[in-house]
Amino acid sequence: MSKKKNSANLPSTKYPEYVRLFFDPNEPRIPLRQPWVENGYLYATNGRIGIRIITKQPDTIFVDSHVPCLYNLHNSILNRAHENITKWKPWPKVEDVKSEQIECDQCDGAKKLHPKCDDCTHDCPNCDGTGRIIPEVTFDDLTFKWQYFHAIASLPEPFYGAQKGINLPIPIKFRDGSAIIMANIRANIMANIMANIMVNPKEK
């Protein structure tokens with residue numbers, strides 16, 4: 001009997017703490033609410049960044065909702081990018097980035113995860129509990145929104161592939177796996193890609 005790889009109730013999946021930066025439990029699109037396992041990889045995406053880590057966990061069985069087919073997309077982008085990469089460069093550290101800071105747009109400067117909760121003791125993940133953020137980060141002729149730059153910077157030992165004039169998401173490799181991200185100048189293209197791959201569910 002075939003099983004649809006889709007689910008409104010995503011099974012519990014184990015993952016490193018930093019993976020929390022790449023999905024949103026409150027996201028209206030169900031497959032973006034938490035990580036899932038497909039073909040030996042654990043995936044997570046927020047619609048702008050796709051991340052994958054090798055895992056021995058069994059595939060997630062989805063029911064009643066589409067799952068992003070990141071397996072083929074990830075492989076295709078990384079394979080094409082590898083052919084055009086001129087050099088793997090270390091992703092800049094947060095403390096090395098200099099730019100004008102503004103009030104954090106997620107916690108409104110409250111510095112905590114739940115700004116309206118008086119008892120909340122968790123730091124806001126978007127600003128690391130500082131209440132301030134850098135709206136955009138630019139390096140190597142690439143520009144990223146702060147939250148996406150920060151998410152990649154939070155990965156263990158991240159590197160990005162410098163490419164020559166290729167209109168593709170930027171490949172990232174880190175100690176535990178790999179990722180793909182689109183710079184701001186092409187962010188609308190990445191959003192369309194991530195949206196389109198959720199259209200056709202896979203039979204298994």
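## Disulfides and cysteines

A disulfide is a pair of cysteine sulfur atoms within 2.5 Å. By this criterion the predicted model holds zero disulfides. Cys107 is in no disulfide, the nearest cysteine sulfur being that of Cys104 at 3.7 Å. Cys107 counts as buried, at 1% relative accessibility; buried means under 20% relative accessible area, exposed over 50%, and partly exposed in between (1.4 Å probe, protein chains only). The sulfur of Cys124 has its closest cysteine sulfur in Cys127, 3.8 Å away, which is too far for a bond. Cys124 is also buried, with a relative accessible area of 3%.

## Basis and confidence of the model

Residues are numbered from 1 along each chain as its sequence is written. In this predicted model, local features need pLDDT of at least 70, side-chain atom pairs count only at pLDDT 80 or more, and totals for chains, interfaces and linings use all residues, while side-chain values use heavy atoms, with hydrogens and water left out.

The mean pLDDT (the predictor's confidence in each residue, from 0 to 100) of the protein is 76, and 71% of its residues reach 70 or more. Over residues 185-191, pLDDT stays under 50, and the model has 17 contacts beyond four places in sequence for them; contact means heavy atoms within 4.5 Å. Residues 193-204 also stay under 50 in pLDDT, with 38 contacts beyond four places in sequence. Where pLDDT is low, the predicted coordinates should not be read in detail.

## Overall architecture

The protein contains three helices and eleven strands, taken as DSSP runs numbered from the N terminus (helices H or I, at least four residues; strands E, at least two). Their order along the sequence is β-β-β-α-β-β-β-β-β-α-β-β-β-α. Of the 204 residues, 44% are buried. Among contacts with a separation of 6 or more, 60% are between residues 24 or more positions apart.

A nonpolar core is a set of buried Ala, Val, Leu, Ile, Met, Phe, Trp, Tyr and Cys residues joined through side-chain atoms within 4.5 Å. The largest has 34 residues, and Ile152 and Ile172 have the most contacts inside it. Elements that each supply at least two residues of this core include strand E2 (41-45), strand E3 (49-54), helix H2 (146-153) and strand E10 (170-174). The largest share, five residues, comes from H2.

Six of the eight residues of H2 are buried, so this helix is largely enclosed by the rest of the structure. The buried residues are Trp146, Tyr148, Phe149, His150, Ala151 and Ile152, and their cover includes E3, strand E6 (132-133), E7, E8, E10 and E11. Beyond its neighbours within four places in sequence, Ile152 is in contact with Phe22, Ile49, Trp91, Pro158, Ile172, Ala179 and Ile181.

## Aromatic pairs

The structure holds twelve aromatic pairs. Rings of Phe, Tyr and Trp (its six-membered ring) pair if their centres lie within 6.5 Å; planes under 30 degrees apart count as stacked, over 60 as edge-to-face and the rest as tilted. Tyr15 and Phe23 form an edge-to-face pair, 5.7 Å centre to centre with 80° between the planes. Tyr15 is partly exposed at 26% relative accessibility, whereas Phe23 is buried at 11%.

The rings of Trp91 and Phe144 have centres 5.2 Å apart and planes at 55°, so the pair is tilted. This pair links distant parts of the chain, 53 residues apart: Trp91 lies in the loop between strand E4 (85-90) and strand E5 (102-103), and Phe144 in strand E8. Ring pairs link Trp91, Phe139, Phe144, Trp146, Phe149 and Tyr160 into a cluster.
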